[in-house]
Amino acid sequence: IGLLLVSWLFRRIGTGVWLVRTPLDRPVAILLLMTPIVLYASVDLGLSMPKFYGILLGLSVFCTTVSYVSSERRFYFALGLLTASIIAISVIGLVGTEWQIGKYPLPQNLYRLFPQIIKEVQSSVGPSAGFHPNELGGTLSFLLPLAVALLLRVGLPWLLRGALGLTVLFGVSVLALSASRSAAFGLSMVLLALLFWRWRRAGAVCLLIVAVVLGIAVKSGTVDPADFLPRIDAINSTPDALDGRLALWSRAQYMVGDSPFTGIGLNTFPVILKTLDPS
């Protein structure tokens, strides 16, 4: 925290401003105002403080980025960092993820092509035998939309566009290997939104085609909405994954009802689940 404060002071001396105003100022301010409250409500600061430090670090990275990218030259440098970040996360994920073989009907031998070199990861809830596939997919789903949006930017040099395109392809491939359905669904929705934003007519046509195909599938009996979730759930390696998630969501609803103003505390869901709302 001291290093972050010192870097903030040096930024003020070097640029003459404390912060660069952005449309996210109010949401970030609300987030910061809530952090003392959720720390006060925490039953285990050992679990909550790492998340709190993560919030401060993320805020520092965000403020540094928006204050640094103030010229076209710096924009391209930041674009290079984004590309390198996607590649680094994808490569580290390939050799450090504890793959859930059998979750998707992918060739199981495909996962064996990537030996797990990183076999122990210290998370905020304790050590684990590698990265969870959902964490890998979720992280990439945050970075890839920005890269795709930059690909659509008018005037981007073709060399950079090609490098960024190959990076996006690599990142999407690793995300597919993670078999994270939430990450894949979220990324798909963002890509549709970007398509609609960049080419309104093409985006509207794609949305119309998707709606028509789904309507025909439901009308012909090919897809039964009542049977859709169980079919998706059957892809998972555990037969009761959907029931388990519904049970967890119901407990989360109880927690929100019990602590609607303060929350249960940062990163304390497993503790509260076991002690107050066991499933």
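Is Asp 25 buried, exposed or partly exposed? Hold that thought. We will come back to it with its partner.

Good morning, everyone. A word on what we are looking at. This is a predicted model. Every value I give is computed from it.

Let's start with the whole chain. The protein chain has 279 residues, and 27% of them are buried. It has twelve helices and two strands.

Now the surface. The accessible surface of the protein chain comes to about 18,200 Å². Carbon and sulfur atoms hold 71% of that. And the contacts? Take those in the protein chain with a separation of 6 or more: 65% of them join residues 24 or more positions apart.

Back to the opening question. Asp 25 is partly exposed, because its relative accessibility is 23%, and the buried class ends under 20%. Its partner is Arg 21. The two side chains meet in a salt bridge, at 2.7 Å from N to O. Arg 21 has a relative accessible area of 71%, so it counts as exposed. Why can such a pair form? Side chains of opposite charge can pair when their charged atoms come close. How many salt bridges are there by this rule? The count comes to one.

Next, the rings. The structure holds three aromatic pairs. One of them joins Phe 52 and Tyr 53. Their centres are 6.0 Å apart, with 50° between the planes, and the pair is tilted. How do the two residues sit? Phe 52 is at 15% relative accessibility, so it counts as buried. Tyr 53 is at 43%, so it counts as partly exposed.

Another of the pairs joins Phe 75 and Tyr 76. This pair is edge-to-face, at 5.3 Å centre to centre. The angle between the planes is 65°. Why edge-to-face here? Because 65° is over the 60 degrees that this class asks for. Phe 75 counts as buried, at 17% relative accessibility.

Look at Trp 158. Arg 161 lies over its face, 5.3 Å from the ring centre.

Ser 67 lies in helix α3, which covers residues 45-68. Ser 48 has its place in helix α3 too.

Take Ser 48. Which backbone oxygen does its side chain reach? That of Leu 266, at 2.7 Å. Ser 48 has a relative accessible area of 0%, so it is buried. Leaving out residues up to four places away in sequence, Ser 48 touches Leu 39, Ser 42, Gly 265, Leu 266 and Thr 268.

Then Ser 67. Its side chain reaches the backbone oxygen of Thr 64, at 3.0 Å. Ser 67 is buried as well, because its relative accessible area of 17% falls under 20%. Beyond residues up to four places away in sequence, Ser 67 touches Arg 11, Val 20 and Arg 74.

On to helix α4, residues 72-96. Ala 78 lies there. Its relative accessible area is 23%, so Ala 78 is partly exposed.

Last stop: the loops. Where does Ala 179 lie? In the loop between α7 (158-178) and α8 (181-198). At 3% relative accessibility, Ala 179 counts as buried.

To recap. We have twelve helices and two strands. There is one salt bridge, by this rule. There are three aromatic pairs. And Asp 25, where we began, is partly exposed. Thank you. I am happy to take questions.

Key: Residues are numbered from 1 along each chain as its sequence is written. This is a predicted model: local features need pLDDT of at least 70, side-chain atom pairs count only at pLDDT 80 or more; totals for chains, interfaces and linings use all residues. Side-chain values use heavy atoms; hydrogens and water are left out. Rings of Phe, Tyr and Trp (its six-membered ring) pair if their centres lie within 6.5 Å; planes under 30 degrees apart count as stacked, over 60 as edge-to-face and the rest as tilted. Buried means under 20% relative accessible area, exposed over 50%, partly exposed in between (1.4 Å probe, protein chains only). A charge sits over a ring if NZ of Lys or CZ of Arg is within 6 Å of the ring centre and within 35 degrees of the ring normal. Helices (H or I, at least four residues) and strands (E, at least two) are DSSP runs, numbered from the N terminus. Contact means heavy atoms within 4.5 Å. Accessible areas come from the Shrake-Rupley method with a 1.4 Å probe; for residues, only the protein chains shown count as cover. A salt bridge is a side-chain nitrogen of Lys or Arg within 4 Å of a carboxyl oxygen of Asp or Glu. A polar contact is a pair of N or O atoms within 3.5 Å; within protein, one must be able to donate a hydrogen and the other to accept it, and residues adjacent in sequence count only if both atoms are side-chain atoms.
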